Amino acid sequence: MTESDIGYAEALDELEGILDELDGDEVDVDVLGARVRRAAELLRLCRERIASARFDVEQVVAELEAEAEAEPRNGEPPTPEGPDGPSP
């Protein structure tokens with residue numbers, strides 16, 4: 001399984017497992033470096049997924065705000081406006 005195949009929840013679960021392992025009394029020094037490197041990879045992946053989700057949410061919110069601004073208020077039809085304001 002490649003890193004891109006791992007979902008956020010799975011990466012977080014694995015990261016928590018590594019942290020629990022490292023918090024234990026019997027940390028195998030031979031695998032310590034590899035576990036810390038893996039934890040760093042998982043942390044980067046989680047941060048990337050969060051940043052991607054944040055971007056997606058901000059994009060959707062911006063689209064909704066643009067739609068709301070384009071909609072007429074109080075059920076009134078939109079009035080055409082020129083550079084000097086509303087038409088007479």
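This is a predicted model: local features need pLDDT of at least 70, side-chain atom pairs count only at pLDDT 80 or more; totals for chains, interfaces and linings use all residues.
Local features are described only where pLDDT is at least 70, side-chain atom pairs need pLDDT 80 or more, and totals for chains, interfaces and linings take in all residues. Residue numbers start from 1 along each chain as its sequence is written, and side-chain values rest on heavy atoms, leaving out hydrogens and water.

**View 1. Helices H1 and H2 cross.** Here the axes of H1 and H2 come within 9 Å and cross at roughly 150°. (Helices are DSSP runs of H or I with at least four residues, numbered from the N terminus; axes are lines fitted to C-alpha atoms over the stretch in contact, with angles from 0 to 180 degrees between N-to-C directions.) The crossing is left-handed, a word used when the near helix is turned anticlockwise from the far one by less than a right angle. Among the residues making the contact are Leu12, Leu15 and Ile18 of H1, and Val36, Leu42 and Cys46 of H2. (Contact means heavy atoms within 4.5 Å.) Sorted by class, the contact has 15 nonpolar, no polar and five charged residues. In this scheme Ala, Val, Leu, Ile, Met, Phe, Trp, Tyr, Cys and Pro are nonpolar, Asp, Glu, Lys and Arg are charged, and the others, Gly among them, are polar.

**View 2. Arg38 pairs with Glu14.** The structure holds three salt bridges, each a side-chain nitrogen of Lys or Arg within 4 Å of a carboxyl oxygen of Asp or Glu. In this one, the side chains of Arg38 and Glu14 meet at 2.8 Å, N to O. Arg38 sits in H2 (residues 29-70) and Glu14 in H1 (residues 8-23), so the pair ties together parts 24 residues apart in sequence. Glu14 is partly exposed, at 27% relative accessibility. (That label falls between buried, under 20% relative accessible area, and exposed, over 50%, using a 1.4 Å probe and protein chains only.)

**View 3. Glu41 joins in through Arg38.** Glu41 and Arg38 form a salt bridge too, at 3.2 Å, N to O. They're three residues apart in H2, so about one helical turn separates them. Glu41 is partly exposed, with a relative accessible area of 32%. Through shared partners, salt bridges join Glu14, Arg38 and Glu41 into one network.

**View 4. Arg35 meets Glu21.** In this salt bridge, the closest N and O atoms of Arg35 and Glu21 are 3.3 Å apart. Arg35 is in H2 and Glu21 in H1, so this pair links distant parts of the chain, 14 residues apart. Both ends are partly exposed: Arg35 at 24% relative accessibility and Glu21 at 36%.

Conventions: Helices (H or I, at least four residues) and strands (E, at least two) are DSSP runs, numbered from the N terminus.
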